[in-house]
Every structure is written in C-alpha cells, then in structure tokens.
Amino acid sequence: MPRGYWVQAGPWSIVVEVVITDRRRARPKRRVKSQCSQCKDMATIEIRGLRKSFRAYQKQEGLRAALRGLWRRSYREVDAVRGIDLTVEQGEFVAFLGPNGAGKTTTLKLLSGVIHPTEGTARVLGHIPWLRENTYRRRFALVMGQKNQLWWDLPAQESFRLHQQIYRIAPLEFDATRDQLTSLLNVRHLLTQPVRELSLGERMKMELIAALLHSPDVLFLDEPTIGLDVVAQHNIQQFLRTYQQERNVTVLLTSHYMKDVAALCKRVVIIAQGQIKYDGSLSGIVDQFSQHKVISLSFAEGRMPDQLASVGTVLECVPPKARLRIPRSQVTTVLSKLLALGGVEDVGVEDPPLEQVIADMFSQADHDQPDSLQTTAS
Amino acid sequence: MATSTVPNRWSASWTILRIALEERLVYRGDFALGTLMRFLPIVTQIFLWNTVFQAVAAPASGEQKLVAGYTYEDMVAYYLLTMLSRAFSSMPGLSSGIARLIRTGEVKKFLIQPIDLLWFHFLSRVAHKLAYYSVAIGPFALVFFLCRAYFPALPPTDTLGLFALTLILGFLLGYFLEVSLGLVGFWWLEISSLIFVYTLLSFFLSGHMFPLDMLGTKWHWAVQLLPLQYLAYFPAAVFLGKVTGSALWFGILIEMVWVVGLIALSRWLLRRGIVRYSGFGG
C-alpha cells in the first residue's frame, strides 16, 4: 500500500511514496515528486504498520545435527515487530517497555535506520530512517547501553573531536556544548583518560556526551543505565531529565528499570509480542491491566482471625498485620466481610506495585508467545 | 588539535586519519615488534633460494647459474622488491576486522553516524601504512643498501614513476579486495575459511612465493588477468625491467580495471549487505 512522506528540502518539500511489497528484502521503491511546504505539518515520529521478521537458525544438540545442518537447516520465523502504529510529538519523553524479545530494540533499530523493515512505513523528522540520508543522521542519536561507540584505546576527547567533524559542528558551538555536557555529568577531568580505563558509569556518561554533541532533535536511548550502580543510574536520570527539559528534544527510551521510567517519562508504550499493548500514562497501566487490589490490615492484639484465606489471597501475615490480594470488583464486599470478622484496627486499600503489574503482563506475554517453525534447505 | 573553521569533508577525513594514526601508536611494543618482524620471512626466502642455486649445476660455459632466467642476484632483488610491493598491498586484519564488526554489531555505528564505512576504513588503513612506513623506512633502507650489489642499475625516471604508480594501485587493489571479502560477512558472518583460501591463492598467484614468469607463457597469461599478481609480482617486474612496452601498459590497464571493478563490487556488497543486515549483536 503506497504511503506519502514529506521530506523537507528548502522552501519545498518532497513527497516520497514508499511501497514495500517484498517481505524478505523490504527494499523501498521510491517515486519522488515535489510538494508544497504547507503539507509538512506532522509529528516528529510517525510509524504505520511497521513489521520486521527475522529468520533464526535452529540447531539441535549434537554432532549428528551439526552434520545434517550442512545440507538442511531448520529456521524459526521470528516476528520481532508485528505491525505497530505510533505517533510521537516533538518534546515528548516516551518510555518503551516490554519483556526481552518484545521488539523494543528492533523498533529503535528501524527508526535509526540500522535495519530495513519487512513491511510498513515510518518517518522521523520527515525522513525515512532506512534511507540513511546524512541530513537525517545529523539530527538524531542512538545510545545503546551495551555498545561502545567511542575509540577504545584513546581518550574520549578524541572521539568527541571526530564527532565534531563528521557532524559538522561549528568550533565555538562544539566547545560550548562539550563543556556544558562534561560539567553537567561531572566528567571534565576524565577527558584525557583512555576510554578503556574508565569505569562503566563514566564510559556511559562519555557515550551520552558523544551522542549529544550535535544537539540531536530526536534521541533513541536503548537501556542507557544497564549495568550501572544506583548512584550512576540516578546521575544519568537527572542529567537526561534536565537535558530534555532544556532542549525540548524528543526521546524514546527503553529500559527495564522502572525507576528510570518513573523519573523521566510521562508517556509509556508497552510492547509485547511485537505489538503495542498499551499507550498512555504510567499510572494508567495499573488501572487498565491490574485485576486486583491489595488490602492492608492491622488487628487488635490477639484478634487476628483465622479465616483470612477465605476472603482473598494472603500475601503476607505477620500478626497483628496482614496483606491480602483481592479481585478489584470485590473490594466493597470483601471489606464488609473483613469488618464483620471484628478486631480490625486499621485498613488500607492500595493498587498493587507497578513493577508487579508489568511483570505479570510480561509473563503473560511470554506465555502467549507464538512459534512458527519452518524447514528450509540452505 | 582544534580547528577554527566549520568542519567539512576534508577536515573530517584529516581528523579520522590523525586519530587512526594516534590509535596505531598506542601499543608501542606490539607495533615496533610487528613492524620489524615483517623482515624475517624475506630472510628465509633468500636462504632458501641460496640453497636452490647451490644445488643447480654451473653451466659449462662458465656463465652465471640461472633458474628460469633468474640469476641468484636477480632473485634476491626480486624478493626485496616484492617485500616493498607487499608493504603497500597487504592489509593485515582488514577483512576479518570488517567481518567482526558485522558479527558483533559494531557496524551499527557506521549506519547511524554520517560516516562512510569504506572511506573510514580506507583512511584508517592509510594511517596504518603511514605508521608502518615511518618505522620501517630505516630497516628498509639498510636492507636495500646492504643488498645494493644484487640490483641492476637504477631504472630510468619514467620507469620509477610507473613503479610508484603500480605500488599505489597495488594499495588500492589490496584494500578493495580485502574489504570486499570482509563484506561477505553480511551473508556468512564467519569468513575465516574464505580468508584462508584467499591467502593461499594470494601466496602463490601474487608472486610472493616465486616469480610468476616461471609459470610459462600460457599460465602466466591467465595469471596476468587475475588481480593477485598486481599485489607483489607486477611492481617488482616493472622495476626490474621484466615488463616493458605494451605489456607494461596492458598490465597497468588490467590493474586499473580491477581497482575500478573492486570499488564497484565493494559498494554493491555494502549496499546489499545493509539491506540484508538484521542488526546482530544486540
């Protein structure tokens, strides 16, 4: 299905119609025609029906299987992203949550042009990411917590200088940005130290600085705090929050740390099995997905009843206190029963912890994971 | 070094070259040892051919011993010149390095940043060579001085110019050959066997093992159409005056065709490889 793209080109925009028909190769066939600049009123990130499938080799255990694999191999078709639609406006800080293998990183790779989609369309800042135009590459940055983009054996300042050159940053602007970022992250004294001799947290700060030197309009962060200690995580959270507020950049963040998400993002997108399951506020997740409430009870001395298990699931019971999980729809009924038992001194009704709700969702998603096996001669 | 003007393509290229040179000099011990030890194989070759010539019966006429038209002095001069050719055309670790970038996912850096993977590696390799020459020039000069008696008179200026041209073309040929092999990593991921086959063929068909005109006219003609002889044999043959006139220009033409063809091949492999790439390595 053809779709139109508006690419800024001076006073005029260009419409690029992308038609992707071949599932495997997904090579865009482009038809370019000029279009008036009024038509470029659009979101920073627009994704429509984006799909990405991989073919993963499945090797059975043992030498016999290895020999058989020389002639005939089994592959599993992995649908990493299954037709997602997403719109992100300028200045939004969006968290991308999901279990391992849900399609978060694949989506970021698609949006940064590292891989081509199997089907569907996307445009970021008016560009089709996988065309990898330099004009686009100078306007975004991707930071991957597990990947090093700096020169390992040289001080970070050499990598920064290289970034100045390849991103065409004017000298004064470069000096000002570098000084500001190194001060904010408190790593100015480490600029002359080889990257290999920095700690993980210091290296991550340098990675962030390298990614931000060209003042990107869009920032993709793939688990930027992975492996960091609590202090380093907190420092990077603070920095990202300040930076995003000051510059109004659009940020897409994937992280398994709920503290990152809670500290930084107003909007959360949950992706599981390659599909978007939720798009809204962090607190809205509990309302929408939790089927339970947690009741905290405190009883008078020696008045702890034995029948707690009959009204709900006992999460904790250390007299004189107890915590129960009950169905959300039965809160009033259960409270009446509990009060009728007598001896209740204090009672509280809470939502279950956010981490628990999300963990339950992820575990359900893992359980539902479809499998498609096909054997192909290689 | 801070630049005072807004960066452009050339200042970016200079920065890449400079930083790659700096990186090359970080591990001083490894670099010095690796550079100097490159001379060892040529010494063993010279001893080998010394033994071969001693075993050959001297002609009754009292003339010099010949093996396939080469005197012992010619042979030593040939090997020293192929050593010089290979100092330009050999690209240690290039193809395996590119395949490793693909396998580990580090290639993503070149897809995300506004930088061309082939140009970046080209500049890195130039830096690699410059660092090597700056250290090796002393031992090279010493070896050539000590062995000056093995060389014929210095060739005329135009031949020296063409010799220099073949060295530069040899560098380009070696670079784009190895880059093309490395880019096969987008399909195969592991290319060590491919590199082994290439090294084996290169060892025999580049003239590294023996002068290719020993092969006889028919085989030599076939080998001339392949790219490998331009990595070692051809520059040495030009210097020694073994290839002259139309054969020399034909050789240079074939070499240029290979360089252009391999540039096109490496570009095509990169473009197709990126489309195929699945973002391995996280």
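Modeller: Two strands are taken to pair if DSSP finds at least two bridges between them. The model discussed here is a predicted one.

Biologist: How many bridges join strand 13 and strand 16 of chain A?

Modeller: Strand 13 of chain A covers residues 292–299, and one of its residues, A:L297, has A:V347 of strand 16 as its bridge partner. The two strands run in the antiparallel sense.

Biologist: Is A:G348 buried or exposed?

Modeller: A:G348 belongs to strand 16 of chain A, and its C-alpha atom is separated by 6.6 Å from that of A:L297, 51 residues apart along the chain. Within 10 Å there are 10 other C-beta atoms. The cut-off for the exposed class is 12 or fewer, and therefore A:G348 is exposed.

Biologist: Which strands form the edges of the open sheet of 6 strands in chain A?

Modeller: The strand order is 8-9-10-6-11-12, and the pairing is mixed. Within this sheet, strand 11 (residues 267–272) runs antiparallel to strand 12 of chain A and is joined to it by 6 bridges, with A:I271 opposite A:I276. The strands that pair on one side only are strand 8 (140–144) and strand 12 (275–281) of chain A.

Biologist: How many residues of strand 7 of chain A are buried?

Modeller: Strand 7 (residues 119–124) runs antiparallel to strand 4 (residues 45–58) of chain A, and 5 bridges join them; A:R51 stands opposite A:E119. Strand 7 of chain A is largely enclosed by the rest of the structure, because its buried residues, out of 6, number 5.

Biologist: What share of the residues in chain A is buried?

Modeller: The secondary structure of chain A comes to 11 helices and 17 strands. Of its contacts with a separation of 6 or more, 71% are between residues 24 or more positions apart. Among the 378 residues of chain A, the buried share is 37%.

Biologist: Are helix 3 and helix 4 of chain B roughly parallel or roughly antiparallel?

Modeller: The axes of helix 3 (residues 40–55) and helix 4 (residues 72–89) of chain B come within 10 Å and cross at roughly 160°. Angles over 145 degrees fall in one class, which means that these two helices of chain B are roughly antiparallel.

Biologist: What is the handedness of that crossing in chain B?

Modeller: The contact involves residues including B:W49 and B:F53 of helix 3 and B:Y79 and B:M83 of helix 4 of chain B. By class it has 10 nonpolar, 2 polar and no charged residues. The crossing of helix 3 past helix 4 of chain B is right-handed.

Biologist: Which element of chain B gives the most residues to the side that touches chain A?

Modeller: In the contact between the chains, 26 residues of chain B meet 31 residues of chain A. The chain B side divides into 13 nonpolar, 9 polar and 4 charged residues. Two elements give two or more residues to it, helix 1 (9–24) and helix 6 (108–112) of chain B. The one that gives the most, with 7 residues, is helix 1 of chain B.

Technical notes:
Residues are numbered from 1 along each chain as its sequence is written. Chains are lettered from A and ligands numbered from 1 in the order in which they are written. This is a predicted model: local features need pLDDT of at least 70, side-chain atom pairs count only at pLDDT 80 or more; totals for chains, interfaces and linings use all residues. Helices (H or I, at least four residues) and strands (E, at least two) are DSSP runs, numbered from the N terminus. Two residues are in contact if their C-beta atoms, placed from the backbone, lie within 7 Å. Ala, Val, Leu, Ile, Met, Phe, Trp, Tyr, Cys and Pro count as nonpolar, Asp, Glu, Lys and Arg as charged, and the others, Gly among them, as polar. Axes are lines fitted to C-alpha atoms, for helices over the stretch in contact, and angles run from 0 to 180 degrees between N-to-C directions. Angles under 35 degrees count as roughly parallel, over 145 as roughly antiparallel, 65 to 115 as roughly perpendicular and the rest as oblique. A crossing is left-handed if the near helix is turned anticlockwise from the far one by less than a right angle, and right-handed if clockwise. A residue is buried if 20 or more other C-beta atoms lie within 10 Å of its own, exposed if 12 or fewer, and partly exposed in between; C-beta atoms are placed from the backbone.
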